[in-house]
Each structure stands twice: as structure tokens, then as C-alpha cells.
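Hi everyone, and thanks for having me.

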Amino acid sequence: MSDTGTLLMAAIVVPLCLLLLCLWPWALSRMLSCLPFAPVPALAAVFFVPAGSSLILGSPRQNLSFALDVPGGLLLGVAALLWITSGTYALSYLKGRPNQARFIVCWLMALTGSIGVFLASDMMGFYFLLALLTIGACGLITCHDTPRAWNAAAIYIMLALLAESLLLVAFVMLAAEIPGNSLLIRDAAVALSISPHRDLILALLIAGFGTKAGLVPCHFWMPLAYSAALTPASAILSGAVVKASVLGMLRFLPLDTALPDWGTAVAAAGGFAAIYGVVIGLTQREPKVVLAYSSVSQMGFMIGVIGMGMIAGDGRAVLATAFYAANHVLVKGALFLSVGVTVATGHRHLRWMLLPVAVIAVGIGGLPLTGGGLAKLVVGGPLGDGTANTVATISAIATTLLMLQFLHGLADSVSQHPEARPAAGLVWPWLTTAAASLAVPWALFLAVPSGMLPDPFAAAVVWKALWPVLAGAVLAIPLLRWTRRFGHVPAGDIAVAIDLLAGRARTVGKAVEGLDGALRQWPAAGVSLLALAVALGAVIFAR
Amino acid sequence: MNALPLFASCAAMLMGLGLYALITDPEPLRKILAFNLLGSGVFLAFGVISRRVAATEFEGDPVPQAMTITAIVVAFAATAMAVALVSRLVEAGGRATVASEASEEPDADGGAS
Amino acid sequence: MPGVAALSDAAMGQPSLLVLAIVLPVTGVLLSIVAGGRYVEAIAFVVLLSGLVIAIFIFDGVWRGGRELTYVVGGWRPPLGIMLRADGLSALMMSTMAVVICVVGVFAHADFNSRLEAAETRSPFVFWIMLVAVSGAMNMIFLGGDLFTLYVALELLTFAAVPLVCLSGSAETIRAAMRYLLFALLGSILYLGGTALLYGSHATMDFAVLSQQAHLEPATLIAAVLMTIGLLAKTALFPLHLWLPPAHAGAPAAASAILSSVVVKGSFFLVVRLWFDALPGMLTPAGAQLLGALGASAIAFGSVVALQQKRLKLLIAYSTVAQIGYLFLMFPIAFNAAATPAQSSEALTGGMLQAMSHMTAKAAMFMAAGLIYTALGHDRIADLGGTARALPMTMLAFAIGGVCLIGLPPSGGFLAKWLLMRAAVETGQWPWVVVMLAGGLFTSGYMFIVLSRALQPSGEFLKLGAALPKYREAAALTLALLSLLLGFVALGPLDVLQVGSGTMMAAPG
């Protein structure tokens, strides 16, 4: 196997081997310190493996294939970076906490799944690693062991499995459409654009990936899950895990054919989510919940960009969305890590901690010259100048509002001891992530040949990005005071309906159990036997 | 040869009676008897078939006769096992009925003998 | 060693292995009765291990040879004589069953150690004999080539399974056993009635001859319906499942594992043989839809009731009720008017793979439940807190078995679901796709309930009643891993299922 093949294989196999090693107790007890090193081969692969390389494991007939393409490599690189810094963060964070074994095992499962999903290029492998990712993520949510955590995990796994069921049907249909025996994703995307069942498959794909990405109305797992999980887990959940669905959309959806009606629907859904997330987020107090709603909004925004790409059908949206998502990985990861750092910080040292946070946070809104600003610049192309642009601007204003709300909540969650300083093991990973979230987008931006993208330093461009942020900041003063007056929406807004449904379901379940008990009486079973015999005979005879 | 329809309808009636009793009668011993009745109906059907399928050289086809003998042995063994279960059930202090009571849930024996 | 290799080469694929597979367990049972309680376990081990070796040889013979193995008993050919047949279907099921029974035997050693105390030896005595008898009966079911041999095999299976239910000797289990026996006898007498009618119409019981001669006429139809209903009663398909939950939940762990995974597959296998091989082309799409509808109701009812259960073994038993429904989903997909032979065989492959993965996964789950009961002294789900920390291997086995049943890759359950769904999608049968997905979601529901309880910390310090020997947990984990890795079966041996299907028609009469 060539060097690139080995490196690709190492990227996936190393976390997998570490996961399998956890079966031995003596390895498990030492595994915590290995966590930051597990994603390193993946990061190395992003740097050293040329785009377009592939790896095939298995026989010619049945195999798993992996490939590194540009959007996948982009996301893999930043995700690996986030995994490494969060892993380092977890080393200090987990000291003295229970459930370390569960955390480590689920972390490694999610890591393997996350890396694999970015690299997988055939449907079976993609589905397998997505399932692994989901189970690992669900386990990570439960590590707090509170009823709230288990509740969040239950909702998460149910929605995720529902989404994966929809995806499975879509994959089966795509496999039937592809001529020959190939299960490659790129063949599937080609087959999809000319398939007679195109609409159904598109609906399934969008519903499935959308649910996993937190598209409204299936978004309510996000606030519950992100707030219930431990801080490093929330960081990678919101950063790396959820981007798998975005990449799935980019890979499966035929973005180089123009689909105006589907594109409009998707863009509308994304735009709605972008606004909805912020509106509900403004009513929340807990920093993690606010961040989760910001994620809902940002994921909606990304899906909106994909929708615009579907309308245009020129394939530009792929890299733009990947770039935006990559930026979001690092920014959200850094913000979540900052929550944990702030909780351990005292009043005295607060402003040093808050300053980088503020810069990055407002960057999501599109502060010029930050990573977020660059990202907004890059997606400006696919968004165009019409309604989408307006929605994007409103979203930018609203996001700034939301981030200021977050900062307020963050400042409130400071530690009781004014002199408390967070451990170095918590601060350095967080600062690295924050710095990366500023540096990496620039590095990527500068790698693009000049002329393809607007100049970020041009005055018009800077003003276009700056005024929504300023507007949001100005609006923040009265608005934030206003939302404090009223408005307590429970975290997970629609999720309260789940409790009502659960009550109904319990009644139905009891009724079914009663019916089953009645059917299991001997006379009833005997009569059913006779009835069945007659029915089967009649049905076959009346052919 | 013209007695065959009579035997065949007897067989059908026996099977019907057995089936009816097996389904409706609550006593286990009666169910066992009903099963035997049902079985007798089937054996009679075998006899009818043996006669009907007989080629001119035999009085009756030997294959259904062999099947009947085997089936009688099997039914006998089944009856013996069922009766043994009923008597053991009574010995163990349970009520001799197949009806499952609402509160009955067998103690999950994890593996001890 | 060259000598052993030559011997195995000579032995592989020999038709006489077929009759050996049946005769050996029967001899074992007879020997056990003669030898008495102290040697019964040793005899059982020898017989079961040889059975495994024989099954592997037969499988290899069918796979390499590419055609089915046949053995004419006594040299008398059908329609008067009996022919034993091993096609791809039989070979795969035999091998899986042999592996499952061997592993369960290893697991049961601790519970039914016949040399431990001389005082109470009845229970181990019965268990080992019945285990060997189940193995022999299942082999006979898999290898039988005519309907009457299958009747005898079916009865043998029932007689071997019923004592397994009431091994503990308590009144409830005896009542459950009696209910099982009586309902199963009803089923088998209906089956016998069907064979009588079939013989009356066609003067033969042999599959090959029947498949050529049978056509749709009232007698054949009534016979087929009677036989199917009888077999459905023995397979406990909804709504005929009345005997299954108390029987499977009341038996000891190793017995439940055998009952749930192996015994119900016997009558299911016969339904498949009946409609796919003996009377091909006679099951109309409407009839197949009825079977599928029953399967769907089984999935719905079984899963919903499983969600309500408070005891682990009852939950697993109801899960069996639901999974049996899954098995019958292959009928409407295979017998569809629009289905090509390739799609029908794909559905058949999916269904049999589902049966195989259910065998391994359910046995693993029941073994894990038994270990939990032994360790904790109870199996109440609400009080399972802390079990995952105390018994990690056991809970892992349970979880992996559940993953296979839910149908997550790379397990056999996933591959089966993929194949069935592909056949369903290609023929446009959407309701069954929805049913399959719903079944997976329900299964994940009750798996989550159990696993979440087990992972939560216990209220007070969890006292383990008895220390569990590692080999028992290893046995459960082995079967669970096997079910997980069955998905990789696609890398080769799945082709063996094509061997023999359709060639039954061409077999010498």
C-alpha cells in the first residue's frame, strides 16, 4: 500500500484500535492520556495526503472505500484539530469525575465515527460510521448521569435513529438506481440527479440529514443535549459531530444540477431555522443553551446556503458551505470550551478570559477580519443579492444579539471565588482553539487564488459586514433588558410536546398490553387459529 | 368402496369435534382427550386415503398405513408427556388449568436447577 | 498433519454425513439414558462437538461442490423411500445452529453440572439429554426431504423443547410447559392432517416430486393452509403467540436461549421449505401479504408490550415475539407479482440471514440475562442500576446482541434489513419498508430502556450474589460478537444460499 494509503488508513484505524484496546481494563485506565493523540494521524493525513487519493479495504466485490476530497479534507482537518484540543481539555476536566471509562469509550467511538464519516466514500461505510458516531455521541451525553442527561440522550438517540432509518431507505433506493454493483457515494449522487424517484430520495435525504443537523422542527435535541453533556463533549458534539450531516448533504445532494423548487424549499427551511434559532435563543439564560440555539441558527444558515446552491446548480456552494462549516467547527468548539473555563474563573481574572471569547463570539455574526467575517464573505457569493441576502443580514444582526446575550450569561456564571484561576490544562486548549478559529480561516482564505473571492480589506466589503454587527450591538441594549422581563421558554422548546406524547403513548401501551393479554387466553387463541386458517385459505383461493 | 365417503365424513367429524373441544374445553385432561380425538380423525383420514389410492394389486396403499403407525406412536408419546405434566402440575400444587391468570408470571429462573 | 488433512478432505462433502448428523444425537440420547446422570454431560459435549464438526463439513461440501448433497436412506428412492437433502439453506442454518448450541452448552456447564452433587441430578440429566435431542431434531428438520420425516422431526423437537421449559419444577413453569405442549400438539396434528391430504392428492411426500406435480386445487390448497397454520402455531406468530412469553421467560437461562433462538426457527424453516420448495408458485401474493401482515402485527404488538415489561426475561421473550414477525416479512417481498427470481432470492437470503442473526443475538441476550439474574438475584429492570459497572462483559454482550436486532451495521441484522429493503424497494412494496424501520426503532426503544438503567449508578452499593466465572460471560460475548460480524458473511458464504434453491426441482425422483 502506498504511503498516502497508509496514512489514510492510519487516520481511521488508530482511533479504532484504541477503542478496541479499551476492552482490557489495564489499557482503559491509561487511555485518558492517549485521547489527544488519537486524531493526530487524521490531521497528518489532511496535510500530507493529496486531494483525490483513495483507499479501498476488502475484496473487489465487497469493500469499504475511503477518499479524501477537498470539502471532506477541510472539515476533517478542523475537526481533527478540535478533537485534539478538546481531548487535551478533557484530560484536566475529567480529573475526579465519575464515569471516566464511559467517557473514554464513547469519545473514541465518536472520534472513529467522526473521522470515518469525513473520509467514507461508499454508502455502507458512511452509514456504518455514522451509526458509530451517533452511539458514541449518545453515550457522551449521558456521562453526567443526571436524569436530565439521560432524558437528553434518549431524545437524541431516538431522533438520530429515526433520521438514520430515513437515510437507510434513501441509500437502499440509491443503491437500486446505480447501475452495476457500486455503492460509491459519487455514483449515487450522479444516479440521483437522473433518477425517476428523485423527489422521494431527496426528501428522505434532506429529512434525514436535516434532523441530524438540527433543522427546525427536528432541532430540539440540540439544546437538551449540548447543555446536558460535559463541556469537552459539548464542544465536539456541536463542533465536529454535527458537521457530518452537513458533509453528507454536500456529498449526496446533486449540487451541480439546478433544482429550483427543491432549492427554494431547502433555502426557506434553512432561513427560517436561522431566525428561529436566534429568537428562541434570546429567551434563554444558560450559556450552553444559548450556544446550542446559536448552533441551530448557524446550521440553518448553512442549510440555507446549500439550498441556494441547489437553486443555482453550479457547484459553488460546496466549497463555500464547507468553509463556513469549518469555521463554525472551531468557533463553536472554542465557545463551548470557554464556558467550562469561565465557570472555573473568578471575578478578578474574568475580563482576560472574556476578551477572546467576545471577539470570536461576535465573529459569528460576521465581524470583519475574523474567521466568521471571512466565512460570511465566502458564502456571500452563493447567497446572491435577493431575499437570501436580506435574510442573511437579519440573521447576522440577530446572531450578534444572541452572542451578546451569551456573553452576559457567561459573565453571570463566573465562579464564586473571586481569585479562582482555571487550570492551565483547561486554558491552553481553549486558547489554542480560539486562536485557530482566527488563524485557520485566514490560512485557508489566503490559499484560494486571488480574484475568486472579494477582497476582505476593501472598504465596501468591510462596511457590508460591519453594519449588521453594529446594529445588533446597538439593539442589544434595550432588547436584552426587554427579554429578561418575560419569556421563559423551556430549553428544547418543542420538546415539551414529547412529554405530552409520552403520556399518551403510555396509555396506548397499557391498552395494547391488555389486548395482548386477552389474545393470549386459550379460547381466543384457538378462535384466532381457526379464523386465520379460513382467512389464509380464502385469500389464496381467491387468486 | 362406497363406504369410503362415510369414513371420510367420520374422519372430518372427529377432527371437527376434537378441534372444538380442544379450543373450548378448559380442563387439560379433556384437552388431551380432544387431541386424541383429533388425532384419530387424522388417522382415519389416512386410512381412507390408503384405501382410495390403492392400486389394483394392493388392498390398501402401505405408505399411509406406515405413516399412521408412526403417527399413533407419536400421539401416544405426546399423550403420555401431557398427562405426566398434568399430574406433576397437580402435585406441585398448581391448579390444573391452562388459563394464564392475570397475576401469573413465572419466576424467572436465572439458571439454578 | 497430512493424514488429518486427507481424512478431512475425504470426509468433507460425503453424503453419509447427512445421516450421521441425525443418528449421532439420537445415539447420544440413548447412551445417556443408559449411562445415567454422571456421564450425561460428557456424552452431550462429545455429541455436540461432533455435530458442529459434521455441520462444518457439510457446509464446506455444499459450498465447494456448488450443488446440494443428497443421501437416499436405505437405497430406496422416493416416492417410496426417504431422501435427505442438504442444500445451501440447510447448510448455513445447520452450522449456525450447531455453533449456538455448542456455545450454550459451554454456558450451561455451570448451571447443570452433573457431577457436582449426587443428590439432585434430575434437572441436569434432563437438560443435557434434551439439548442433544434438540440438536438432533433440528438437524432432521434441516436435512429432511419429505414432509412426513419433517413431521416426525417437528414432533421430536416439541418433545425435546417442552421439558426444557419446566426444568425448575415450579407450578407456573409446568403450566407454561403444558400450554406449550398442547398448543404445539394442536399445530402438529393440523400439519399431519395437511400431509394426509397432500398424500391423498399426489401419492408422494417428497419435495422434489411434489414441486413438479403440485398445482392449485382445493385439496392441495386446504392441505397447505392446514400445514401452514399448524406451523405458525408452533412458531408463535401473532396472534398465536400465547404460549411463548411465559415459556421462554420461565425457563432457566440456557434453556431460554435454546428455546428462543433455535426451537422456533425449526417450524419457521418448515414454512419456508413448504412454500419455497415443496409448493413453489402456489402462494399467491395476497396470501403472502397476509403472512406479512401477521408479521407486521407481531412486530407492533410484541415491541409495544416489550416496552411495558418490568422484568428482563419477559422483555426479551416479547422481543422474540416481535422478531419472529420480522422473519415473516420476507414472504410478501419474495412472493410479489412484480418480483423477478433474483429479487425473490434476495428476499429469501435476507430472511434467512435475519433468522441466523436472530439465533445468535437472542441466545446471547438470554445468556446475558441469565448471568444478570445469577449475579443480582433478580431481573427487575428498574433495579438494574450499577450492573454495567459490575458486569461489563455481560452488558456488552447484551448491548451487542441488541445492536444486531436493531439492525445497525456491520451486524447480520443490518445486512438482512438491507437485502430485504432492497428487494422491497425494487418491487415497490413501501409498507414493508416502513414496517421494518418501525421495528428497528421499537427495538432500539426497549434496548435503550434496559441499557440506560444498567448504566446508571446504583442506589446502594451493588452486592453481587455470586461471582460469575469468566467463561460464562465469554460465551455470551462470543455469540454476540458472532451476530455482529455476521454482516461480513456477505464477503463470500452468502452465495451458498443459492445452492440448491431451484435445483430441488431437478433432483432425481
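**Helices side by side**

Let's start with a pair that spans two chains: α3(B) and α7(C) cross in a left-handed way (the near helix is turned anticlockwise from the far one by less than a right angle; clockwise would be right-handed). Helices here are DSSP runs of H or I with at least four residues, strands are E runs of at least two, and both are numbered from the N terminus.

Before going on, please keep in mind that this is a predicted model, where local features need pLDDT of at least 70, side-chain atom pairs count only at pLDDT 80 or more, and totals for chains, interfaces and linings use all residues. Residues are numbered from 1 along each chain as its sequence is written, chains are lettered from A and ligands numbered from 1 in the order in which they are written, and side-chain values use heavy atoms, leaving out hydrogens and water.

Now two pairs inside chain C. Helix α6 (residues 147-165) and helix α9 (residues 218-235) of chain C pack at about 20°, axes 12 Å apart, so α6(C) is roughly parallel to α9(C). Their crossing is left-handed.

Next, α9(C) also packs with helix α11 (residues 253-278) of chain C, at about 160° with axes 8 Å apart. These two are therefore roughly antiparallel. C:Met227 and C:Leu231 are among the α9(C) residues that meet α11(C), and both are also among those that α6(C) meets.

**Where chains C and A touch**

Here, 62 residues of chain C are in contact with 52 of chain A. The two chains bury about 5,100 Å², 81% of it on carbon and sulfur atoms (buried area is the accessible area, 1.4 Å probe, that two parts lose on being put together, summed over both). C:Gln308, C:Trp418 and C:Phe448 supply 13% of the area chain C buries there, more than any other three residues.

**Loops and confidence**

Two cis peptide bonds to find: A:Val216 to A:Pro217, omega near 10°, and C:Pro409 to C:Pro410, omega near -5°. A:Pro217 is in the loop between α9 and α10 of chain A, while C:Pro410 is in the loop between α17 and α18 of chain C.

Lastly, chain C has a mean pLDDT of 86 (the predictor's confidence in each residue, from 0 to 100). Over residues 502-509 of chain C, though, pLDDT stays under 50. Where pLDDT is low, the predicted coordinates should not be read in detail.

Definitions and conventions:
Contact = heavy atoms within 4.5 Å. Axes fitted to C-alpha atoms, helices over the stretch in contact; angles between N-to-C directions. Parallel < 35°, antiparallel > 145°, perpendicular 65-115°, else oblique.
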